[in-house]
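Have a look at it first, then read on.

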Amino acid sequence: MDLLAVLSFLIVIALVAVIILCCVIYMTSEAYPVIQSYDSEKVYQNVSAGMEAKFPSITDVPTRLLSVIVPAYNEESRLPVMMDVCLDYLEKRSEADKAFTYEVIIVDDGSRDKTTEVGLKYSRTYGSDKVRVLTLAKNRGKGGAVRMGMFRARGKLLLFADADGATTFSDFSKVETSIRNLCKEESDISEALAVSCGSRAHLEEESVATRSVFRTVLMYGFHGLVWLLAVREVKDTQCGFKLMTRRTARVLFNSLHVERWAFDVEMLYLAQSLGIPIDEISVEWNEIEGTKMTPVLSWIEMGLDLFIIWLRYTLRAWRIKGDMMAQ
């Protein structure tokens with residue numbers, strides 16, 4: 001058998017293997033995400049009344065201007081710093097403007113430490129009407145935690161912010177201005193469609209100077225994969241500081257499949273696919289010790305998630321709940 005025949009045979013085998021793999025992925029994928037929650041995840045501790053109370057639903061009429069969702073996994077040491085800064089800003093805003101009403105929902109993503117206890121201290125200080133703790137029965141991943149918090153929020157605008165406080169919280173005013181500009185033609189901002197993303201892209205040149213060559217290559221490789229396979233409108237998809245309208249959160253998180261680190265990419269891919277306006281705003285960001293991400297392993301994992309996101313949507317094994325747009 002000559003070399004050309006061998007190569008042809010190998011190509012045919014490879015194509016058959018790819019077809020079989022695609023068929024298996026299509027047949028074993030759920031077209032729409034199966035979203036389940038335990039009974040314990042439907043209630044929070046109303047510390048003022050000394051009893052459990054039921055969380056509202058994202059399908060309810062909003063009763064606050066802003067909901068801040070804080071996903072937290074083993075964050076008992078870093079959470080207080082973020083919460084002190086966050087609540088100081090929110091309290092000053094609400095005192096200066098009585099129309100500015102807010103809530104903070106801390107989502108304990110199955111932590112093994114005292115994250116829930118730390119959160120409840122803030123509920124006792126500020127009241128359960130302003131600070132609520134959602135304790136998940138098991139670890140879902142950051143995307144799953146954000147989704148559960150979004151589904152229990154009361155705000156017209158919903159912000160998710162990382163528990164490490166890496167993004168300066170006062171930069172909320174920047175993403176707020178951005179989303180109001182995107183929604184300026186709408187009479188009810190809660191039912192408009194828009195996402196405003198905090199971004200560290202302006203800090204990239206500085207970060208490259210302090211990273212190893214290997215980590216820099218991984219970073220650019222991940223950014224390249226994001227652009228090629230999923231999101232082209234946003235340079236920094238992973239900054240944990242994103243603001244959206246209530247309707248947008250309902251649309252996107254009802255269709256979200258990925259619950260790990262790469263959930264931001266799928267969320268923005270969905271927004272892009274649905275034609276939801278997206279803006280990217282530079283924010284002040286600082287490296288905080290204690291990250292749960294292992295740079296090399298996490299980037300590889302996210303790279304695999306990116307490929308899976310692209311492949312499953314390309315095969316239509318995953319689909320978007322377009323009917324949610326009408327709600």
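## Helices that cross

Helix α8 (residues 246–255) and α9 cross at roughly 120 degrees, with their axes coming within 10 Å. That makes α8 oblique to α9, and the crossing of these two is right-handed. Before going further, note that this is a predicted model, where local features need pLDDT of at least 70, side-chain atom pairs count only at pLDDT 80 or more, and totals for chains, interfaces and linings use all residues. Residues are numbered from 1 along each chain as its sequence is written, and side-chain values use heavy atoms, with hydrogens and water left out.

The axes of α2 and helix α3 (residues 115–126) come within 11 Å and cross at roughly 25 degrees. That makes α2 roughly parallel to α3, and α2 passes α3 in a right-handed crossing.

A few words on the terms. Helices (H or I, at least four residues) and strands (E, at least two) are DSSP runs, numbered from the N terminus. Axes are lines fitted to C-alpha atoms, for helices over the stretch in contact, and angles run from 0 to 180 degrees between N-to-C directions. Under 35 degrees counts as roughly parallel, over 145 as roughly antiparallel, 65 to 115 as roughly perpendicular, and the rest as oblique. A crossing is right-handed if the near helix is turned clockwise from the far one by less than a right angle, and left-handed if anticlockwise.

In what order do the seven strands of the open sheet stand? The order is β5-β4-β3-β6-β8-β7-β9, and the pairing is mixed. (Two strands pair if DSSP finds at least two bridges between them.) β5 and β9 (278–282) stand at the edges with a single partner strand each, so one side of each has no neighbour in the sheet. From one strand to the next, the twist averages 20 degrees.

| Strands | Sense | Bridges |
|---|---|---|
| β1 (residues 43–46) and β2 (residues 51–54) | antiparallel | four bridges |
| β4 (residues 102–108) and β5 | parallel | five bridges |
| β6 and β8 | antiparallel | five bridges |

Val-43 has Lys-54 in β2 as its bridge partner, Ile-106 stands opposite Val-133 in β5, and Leu-159 stands opposite Leu-243 in β8.

## Rings and charges

How many aromatic pairs are there? The count comes to ten aromatic pairs, where rings of Phe, Tyr and Trp (its six-membered ring) pair if their centres lie within 6.5 Å; planes under 30 degrees apart count as stacked, over 60 as edge-to-face and the rest as tilted.

One of them joins Phe-160 and Phe-263: the ring centres are 5.6 Å apart and the planes are at 50 degrees, so this pair is tilted. Phe-160 lies in strand β6 (residues 155–161) and Phe-263 in helix α9 (residues 263–273), so the pair ties together parts 103 residues apart in sequence. Phe-160 counts as buried, at 0% relative accessibility, and Phe-263 is buried with a relative accessible area of 0%.

Another brings together Phe-169 and Phe-241, with centres 5.9 Å apart and planes at 90 degrees, so this pair is edge-to-face. Phe-169 sits in the loop between β6 and α5 (172–182) and Phe-241 in strand β8 (residues 241–245), 72 residues apart. Both Phe-169 and Phe-241 are buried. They also belong to one aromatic cluster with Tyr-89, Phe-100 and Phe-172.

Charges meet rings as well. The charged end of Arg-200 sits over the ring of Trp-285, 5.2 Å from its centre, while Arg-232 lies over the face of Trp-227, at 4.0 Å from the ring centre. The rule is that NZ of Lys or CZ of Arg is within 6 Å of the ring centre and within 35 degrees of the ring normal.

Conventions
Buried < 20%, exposed > 50% of the residue type's maximum accessible area, 1.4 Å probe, protein only.
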